[in-house]
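Subject: Structure for you to look at

Hello,

Here is the structure I said I would pass on. Please open it first, then read the notes below it.

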Amino acid sequence: MKQWLEKSKYITLIAVFSMLLASLMVFSLGIIRAAKILIGFFSGFAEESIDLIPFIELMDIFLIATVLLIFALGIYELFIGKLSLPEWLIIRNLHDLKVKLSSLVIMVMGIIFLKHLVEWQDPQGTFYFGLGMAVVSGALIAFNYVGSKTE
């Protein structure tokens, strides 16, 4: 039974490969979107105003791809073995992974808010949207802070 349980850690490779594949797909989507944005940008270069929303959406796509990649690397490091990664990306425990992921989630929410702010259609809705994001961000930061104090 002990050997079977020790080898069961390799089940996590399903998550690792799935997240790597998903990350690759989202990075590919980002490359395609970037090409479309660049083509549209240079074809309408003479226009006075430039629509910044596609650029903001592009940042969001690449951040989501990065979140998926970091999750895959983190799960691999936690369950399978160490990887040769930069120091800031080394995951020693589950709390490290949660901190890195929640930081990226906060960044994604910031980009989503920036897009909402640039569109600026409903000032009161934008205020409530930002307030909700601030509450979620504050909760994630507090969770990370409290979690680091208990370990």
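Between domain 1 and domain 2 the count is one salt bridge. A salt bridge here is a side-chain nitrogen of Lys or Arg within 4 Å of a carboxyl oxygen of Asp or Glu. This is a predicted model, in which local features need pLDDT of at least 70 and side-chain atom pairs count only at pLDDT 80 or more, while totals for chains, interfaces and linings use all residues. Residues are numbered from 1 along each chain as its sequence is written, and side-chain values use heavy atoms, with hydrogens and water left out.

Salt bridges

How many salt bridges does the structure hold? The structure holds two. One of the pairs links distant parts of the chain, with Lys115 in helix α4 and Glu57 in helix α3, 58 residues apart. Helices are DSSP runs (H or I, at least four residues), numbered from the N terminus. The closest N and O atoms of Lys115 and Glu57 are 3.1 Å apart. Lys115 counts as partly exposed because its relative accessibility is 26%, and Glu57 counts as partly exposed at 30%.

The protein chain is divided into domain 1 (1-90) and domain 2 (93-150); the bounds come from an automatic or database domain assignment. The C-alpha centres of domain 1 and domain 2 lie 19 Å apart. In contact (heavy atoms within 4.5 Å) are 16 residues of domain 1 and 15 residues of domain 2.

What area is buried between domain 1 and domain 2? The value is about 1400 Å², and carbon and sulfur atoms give 86% of it. In domain 1, the residues that lose the most area to domain 2 are Ile56, Leu63 and Leu78, which together make up 35% of what that side buries. Buried area is the accessible area (1.4 Å probe) that two parts lose on being put together, summed over both.

Val67 is found in helix α3 (residues 53-79). Is Val67 buried or exposed? Val67 counts as buried because its relative accessibility is 18%. Leaving aside neighbours within four places in sequence, Val67 is in contact with Leu101 and Leu104. Val67 and Ser23 are 44 residues apart along the chain, and their C-alpha atoms are separated by 8.0 Å.

The nonpolar patch

On the surface, Leu52, Met59, Leu114, Leu117, Val118 and Trp120 form a nonpolar patch, with about 530 Å² of accessible area together. Patches are made of residues with over 30% relative accessible area and no salt bridge; like charges are joined within 9 Å, and nonpolar side chains (Val, Leu, Ile, Met, Phe, Trp, Tyr) within 5 Å. Accessible areas come from the Shrake-Rupley method with a 1.4 Å probe, and for residues only the protein chains shown count as cover.

Which helix gives the most to the nonpolar patch? Helix α4 (residues 94-119) does, with three residues. Leu114 lies in helix α4 and counts as partly exposed, because its relative accessibility is 35%.

Thr126 is in helix α5 (residues 123-150). With a relative accessible area of 3%, Thr126 is buried. Not counting residues up to four places away in sequence, Thr126 touches Phe113, His116, Leu117 and Trp120.

Ser103 lies in helix α4 and is partly exposed, with a relative accessible area of 35%. The C-alpha atoms of Ser103 and Ala139 are separated by 12 Å, and the two residues are 36 apart along the chain.

Lys7 is found in helix α1 (residues 2-7) and is exposed, at a relative accessible area of 57%. Lys7 and Ser103 are 96 residues apart in sequence and 32 Å apart in space, C-alpha to C-alpha.

Ala35 lies in helix α2 (residues 12-43) and is partly exposed, with a relative accessible area of 34%. From Ala35 to Leu13 there are 22 residues in sequence and 33 Å in space, C-alpha to C-alpha.

Regards

Note on methods:
Helix = DSSP H or I, 4+ residues; strand = E, 2+ residues; numbered from the N terminus. Buried < 20%, exposed > 50% of the residue type's maximum accessible area, 1.4 Å probe, protein only.
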